Amino acid sequence: MIREVYPQIYLNEIPLPKNPLKALNSYIIPSQGRSLILDTGFNREECRNALMEGIRASGIDLKRTDLVLTHMHVDHSGLADYLWKQGCKVYIGKKDGILLNNFRTSPEQVLGHLSEGLNLNQGIGMKEIEAFDIAPKEPFAYTPLQEGDCLEVGPYRFEVIDIPGHSPGHIGLYERKHKLFLGGDHVLNEITPNITFWHYKIDSLGNFMESLNKIRRFDIDWVFPSHRSLIQDHRQRIDELIIHHQERLEEITGILRDGQKSVIETAARMHWDLSYKSWNDFPLTQKWFASGEAMAHLEHLVYKGEAQRVNSEGKHYYELVNP
């Protein structure tokens, strides 16, 4: 379903079957020059049908259209190869472009450290995670974007803003004159963006908090997020997200006061806003995402010097520096 949410900006809702996110907000901006599409949905028939229905309704010519991927996650990039073959020029942040290409051919190469951390502690293997089957299947050419680059479409001039955290190379598009921000998964209403562990050299949560404070300083009237409803008071929502993660850190600190914990042991004791009665009821995909977020918070405590990572009998554990 496509609808105009701001002059010449259309929201094309893409269903995400069997996923708690429910739908992706893809945006289409038609233009007499080059049009723009933001994000795609999964590489699934239902997503492709909804995406193309909105594209047809908008009347844009894909051979004169730029596709911008806010980040490499498959609900945003799954149909990038399909649209590229239809004639779109594809853009993505430089870091996430590399990650997406590697992820398409070898998920283990991209998420190896997370998989290692989980497999050393009771094991959640990547082979069982169905999300890997809905990524782009074929190679496609893309143009990397970085902060300071600009894209002009119709009456709008979008500046590329680097907002790492949710992914290492997440980008947003800021329209300074009209005070608009196409923010991907950076700031969401009703739900919180998943912040996962990527690498021991990356403080995912620390980067996310810095990016939130960065966008908090921007003059914005409307945030167009990739999921759920549009946001007007971005500063209030950012403050709520910061408080949420501060409470998460306090929760994990409390868990570690009982002694060393593995990533999965920590995740199993955390509170999650899901309908399952216990950790054992979580589907494997949800265990994967929950454990990745737990590990991002644990590693942030390590970066802050409040916790440390230890090895015991070949397994990774975390403990407080000053219990």
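This is a predicted model: local features need pLDDT of at least 70, side-chain atom pairs count only at pLDDT 80 or more; totals for chains, interfaces and linings use all residues.
Start with Lys22. It sits in the loop between β2 and β3, and β3 covers residues 23–29. Most residues other than glycine have a negative phi. Is Lys22 buried or exposed? Its relative accessibility is 60%, so Lys22 counts as exposed. The cut-off for exposed is over 50%.

Now take Lys179. This residue lies in the loop between β10 (171–175) and β11. The phi of Lys179 is near 60°, again a positive value in a residue other than glycine. Its relative accessibility is 29%, so Lys179 counts as partly exposed.

## Asn12 and the WH2 region

Asn12 belongs to strand β2, which spans residues 9–15. Its relative accessible area is 0%, so Asn12 is buried. Buried means under 20%. Leave out residues up to four places away in sequence, and Asn12 still touches Met1, Ile2, Leu24, Asn25, Ser26, Ile28, Ala50, Leu51, Gly54 and Ile55. Which backbone oxygen does the side chain of Asn12 reach? That oxygen belongs to Leu51, at 3.3 Å.

UniProt lists residues 47–65 as "domain: WH2", in an unreviewed entry. Over residues 47–65, the chain is 63% helix and 5% strand.

## Asp185 and its histidines

Asp185 is found in the loop between β11 (180–184) and α6. A relative accessible area of 3% makes Asp185 buried. Which residues is Asp185 in contact with, leaving aside neighbours within four places in sequence? They are His71, Asp75, His76, His166, His170, Pro193, Ser226 and His227.

One of these partners, His166, has a further link. The side chains of Asp185 and His166 are joined by a polar contact of 3.0 Å. Asn43 is 142 residues from Asp185 along the chain, and their C-alpha atoms are separated by 18 Å.

## Helix α6 and Ser204

Ser204 is part of helix α6, which runs over residues 204–216. With 3% relative accessibility, Ser204 counts as buried. Setting aside residues up to four places away in sequence, Ser204 touches Gly165, Ile195, Thr196, Phe197, Trp198 and Ala296.

Two packed helices are described by the angle between their axes and the distance between the axes. Helix α7 covers residues 234–256. The axes of α6 and α7 come within 9 Å and cross at roughly 160°. The two helices are therefore roughly antiparallel to each other. The cut-off for that label is over 145 degrees. α6 passes α7 in a left-handed crossing. On the α6 side, the contact is made by Leu205, Phe208, Met209, Leu212, Asn213, Ile215 and Arg216. On the α7 side, the residues include His234, Ile238, Leu241 and Leu249.

Helix α7 also packs with helix α9, residues 284–303. Here the angle is about 80°, and the axes are 10 Å apart. α7 and α9 are therefore roughly perpendicular to each other. From α7, the residues that meet α9 are His244, His245, Arg248, Leu249, Ile252, Thr253 and Leu256. Their partners in α9 are Glu293, Ala294, His297, Leu298, His300 and Leu301.

Technical notes
Residues are numbered from 1 along each chain as its sequence is written. Side-chain values use heavy atoms; hydrogens and water are left out. UniProt positions are given in the numbering used here, feature names are shortened, and annotations may be inferred rather than shown by experiment. Helices (H or I, at least four residues) and strands (E, at least two) are DSSP runs, numbered from the N terminus. Buried means under 20% relative accessible area, exposed over 50%, partly exposed in between (1.4 Å probe, protein chains only). A polar contact is a pair of N or O atoms within 3.5 Å; within protein, one must be able to donate a hydrogen and the other to accept it, and residues adjacent in sequence count only if both atoms are side-chain atoms. Contact means heavy atoms within 4.5 Å. Axes are lines fitted to C-alpha atoms, for helices over the stretch in contact, and angles run from 0 to 180 degrees between N-to-C directions. Angles under 35 degrees count as roughly parallel, over 145 as roughly antiparallel, 65 to 115 as roughly perpendicular and the rest as oblique. A crossing is left-handed if the near helix is turned anticlockwise from the far one by less than a right angle, and right-handed if clockwise.
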